[in-house]
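Hello,

Here is the structure I promised to pass on. Please have a look at it first; my notes follow below.

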Amino acid sequence: MNIPFLGNRRRKLGVPDPAGIAELLAECELLRSQASRAGVRLDDSAASLEALDQLVPLWRDDEEALTWLGNDAGLYLGTVIVRTVPGAAWEIRPDGQPVVRLASGREFDVVDSGHEWAANGVPELSQLYAEVAES
């Protein structure tokens, strides 16, 4: 179907734009909003992960917010890793799950880790980052 005012909506097959994927995954709107309200600046640094670990988890009483915030926390963790650990990059699995792959080939499901952090507070995001950065 070709609808002129929509333009050509067909995508070219090939490798997706890694920078575009990284920017999209870095948005983390709910997490950034929650952090900002708590006075925490998310600047894509390891120190910002430590600040997130110190937030009072008020979101745990809201199941919908918990799910979204866990997703955002994982994506933010992945963003910090990709931007600060040499050779780390986002990869989208065939099932659609974004993961971080290190230069060594080791893969981290950061979204799953984000959900664990949002629900339980452990493992801490800064601890996960330290483990990945050591690899």
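Predicted model: local features only at pLDDT ≥ 70, side-chain atom pairs only at ≥ 80, totals over all residues.

**The overall layout**

The protein chain has six helices and three strands. Read from the N terminus, the order is α-α-α-α-β-β-β-α-α. Of its 135 residues, 38% are buried. The exposed surface comes to about 8,500 Å², with 52% supplied by carbon and sulfur atoms. Among contacts with a separation of 6 or more, 57% join residues 24 or more positions apart.

**The core**

Which residues touch the most other members of the largest nonpolar core? They are Leu-49, Leu-52, Tyr-76, Leu-77, Ile-81 and Trp-90, out of 34 residues in that core. The elements giving two or more residues to this core are α1 (18-25), α2 (29-37), α3 (46-53), α4 (63-84), α5 (110-120) and α6 (125-134). The largest share, nine residues, comes from α4.

Trp-90 deserves a look of its own. Beyond its neighbours within four places in sequence, Trp-90 contacts Ile-21, Ala-22, Leu-25, Leu-75, Gly-78, Thr-79, Val-82, Pro-98, Val-99, Val-100 and Val-110.

Best wishes

How values were computed. Residues numbered from 1 in each chain as written. Heavy atoms only, no water. Helix = DSSP H or I, 4+ residues; strand = E, 2+ residues; numbered from the N terminus. Buried < 20%, exposed > 50% of the residue type's maximum accessible area, 1.4 Å probe, protein only. Contact = heavy atoms within 4.5 Å. Areas by Shrake-Rupley, 256 points an atom, 1.4 Å probe, with all protein chains shown as cover. Core = buried A, V, L, I, M, F, W, Y, C linked by side-chain atoms within 4.5 Å.
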